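Hi everyone, thanks for coming. I'd like to walk you through one model today, so please have a look at the screen.

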Amino acid sequence: MASLPLDSPHWDLSLLYPPDSPALSQDVAKLRELSQSFGRWRAPLASPDFAPARFKELLDELLALEELASKVSGYASLFLAQDNSSQKALSLNATVDDLLADLANDTLFFELWWKNLPAEKSAPYLAVAPEISHYLQKTRSFQPYTLSEKEEKAIKLKDSREQLTTLYETLNSRLSFTLKAPGREERPLSREELSVYFRSPDPQEREAAYREFYRVFEREGPILGLLYQFMARNWRNENLRLRSFSKPISARNLLNDLPDEAVATLLEVAEREVPRVFGRYFDLKAKILGLPKLRRYDLYAPLLGSAGEPRPFAEGLEEVARAFRAFSPLMEELALKVPREKRLSGQILAGKQSGAFCSSFMPRDVPWVLMSYQGRRQDLFTLAHELGHAVHSQLAAPRGLWQFEASLPLAETASTFGEMLLYRNLKKRETDPAARRDLLFHLLDDAYATVGRQAYFALFEEEAHSLAADGATVDEIAEAYFRNLERQFGDHLDLAPEFRWEWVAIPHFYRTPFYVYAYSFGQLLVYSLWKRYEEEGESFVPKLLGILGRGASASPAAILAEAGVGPLDARFWEGGFAALEGFLAELG
């Protein structure tokens, strides 16, 4: 790694709660008080004469309660993310988890009343809250999978998903790696520091980095795999055995406001097209790299010897801002609020959560972004991705707490579109043909990571949840994962056996089961939107901003239909893969 100072920022959580201030404990106490007092609505709801005006009053009170809960829990999550080993942060999160469980139980009677209200009686109540009508209707869609109040309370009190996720992330944050490669000083590395070498121009260094990564995860595999089994069984027991969903993925699909058939079609097309389209890409990349066949170690190998010196954060931020500005000055303005208002953590810190995220938990507030900025080109794309999320949240902020966060399938729209804007801007300003081609390879590398890899992750999750339910061992799940890799790569790539442990290193499998297909959905959708942008030019800008501004105020299919996109059938997804083949054609 170069010694160039990168000046990566670190967020200021005191903007939420100053250190040692009584404000946090006061809000926790206030939250408990408001939660318990909400029970006074139980008797009025039982009256057949409960007036719509009172319903609106109840909603306003519930919204204030949930806004405060969102602030407290959001702060606790960020506090833990910056140091998963902090005992103070772990203790706070445990307290907040209990508090949220109590809040959910204290307000559960209203949720059940609303879900079970006959359709003909719901109309007057919907009429007094038209601004959140989709949220209210979506809540009612869960009625067939809702249990009695006593059962729902028991589930919330016994739910161990948050604790399992916290344990997984705490164990991960403590892992240390040592890269043994010629010319490299052996020193302890974090996951983020080691992952830089996955894209090293030196093939031996890439192999050494991957081998070390999976040496550690194979060592930890029995424990991390056991946590996965617990999580998968927990998910299945609640959603299939108790709530009667037909499949484990169906619970996520309903949360995502998507029918099972739409998701099944996406995964069926991906299962067929990923090996075909990306197989061609892997063969072409091997040829250009002068290899008879790519190894898995070479998947993200750069074509040039180097992508240049690491860029200081200010320079990288300006590159992203320039790309956003060329599309829409508003997009740039909203993105820059994040670092300017000290909402971005880019430093590499001991105990810091791996990966990257954008957290939006208060619609009136600027979002928070976590990443590990090391000045690489990959970090520029990560920065564009996460700031794209921040733009999305701010555009949808007027929708309010219950409808500003887009459902997962649309949640990746602004982020992946932001990456495309950065790619276009970098390519336009690059004069060296070899560097331009390297950028295109970078785009296709990321397309595989976002479309192909994530779709096959989802296919693996479906199989793994069934295996865990049937009592499969951790080793048997690892073998299933390796077979999944063999299906997606076919004869186009050589797989080393240690990659069977990749699944225990994927945080989304633990944090949010079946989240990953949203990446494939979002990327293929963006290819469709990008094609429209190239065809329509400036007139397309308000259409995209309009999609983003809808948040979760309608279903994904309805929001896209308003913009003339869809329907979400096999032909639509095949069109996304056709766009990928267009990029391949540019390589010759």
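Let me start with a question: with which residue does arginine 243 form a salt bridge? The partner is glutamate 152, and the closest N and O atoms are 2.6 Å apart. By salt bridge I mean a side-chain nitrogen of Lys or Arg within 4 Å of a carboxyl oxygen of Asp or Glu. Arginine 243 sits in the loop between α10 (203-242) and α11 (248-255), and glutamate 152 in helix α7 (residues 149-158), so the pair ties together parts 91 residues apart in sequence. Helices (H or I, at least four residues) and strands (E, at least two) are DSSP runs, numbered from the N terminus.

A word on the ground rules. This is a predicted model, where local features need pLDDT of at least 70 and side-chain atom pairs count only at pLDDT 80 or more, while totals for chains, interfaces and linings use all residues. Residues are numbered from 1 along each chain as its sequence is written, and side-chain values use heavy atoms, leaving out hydrogens and water.

Back to our pair: are its members buried or exposed? Arginine 243 is buried, at 12% relative accessible area, and glutamate 152 is buried too, at 3%. The cut-offs are under 20% for buried, over 50% for exposed and partly exposed in between, with a 1.4 Å probe and protein chains only.

The structure holds 44 salt bridges. In another one, arginine 487 meets glutamate 463, with the closest N and O atoms 3.9 Å apart. Here arginine 487 is in helix α19 (residues 474-489) and glutamate 463 in helix α18, so this pair ties together parts 24 residues apart in sequence. Arginine 487 is partly exposed at 39%, as is glutamate 463 at 25%. There is also a network of salt bridges, which includes Arg311, Glu332 and Arg429.

Now for the nonpolar side. The largest nonpolar core has 146 residues, and Phe324, Leu387, Phe417, Trp503 and Phe577 have the most contacts inside it. Such a core is a set of buried Ala, Val, Leu, Ile, Met, Phe, Trp, Tyr and Cys residues joined through side-chain atoms within 4.5 Å. Helix α18 (residues 433-469) gives the largest share of this core, 17 residues. Apart from it lies another core, of 49 residues, with Tyr17, Trp41, Leu126 and Leu370 among them.

That's my tour, and I'm happy to take questions!
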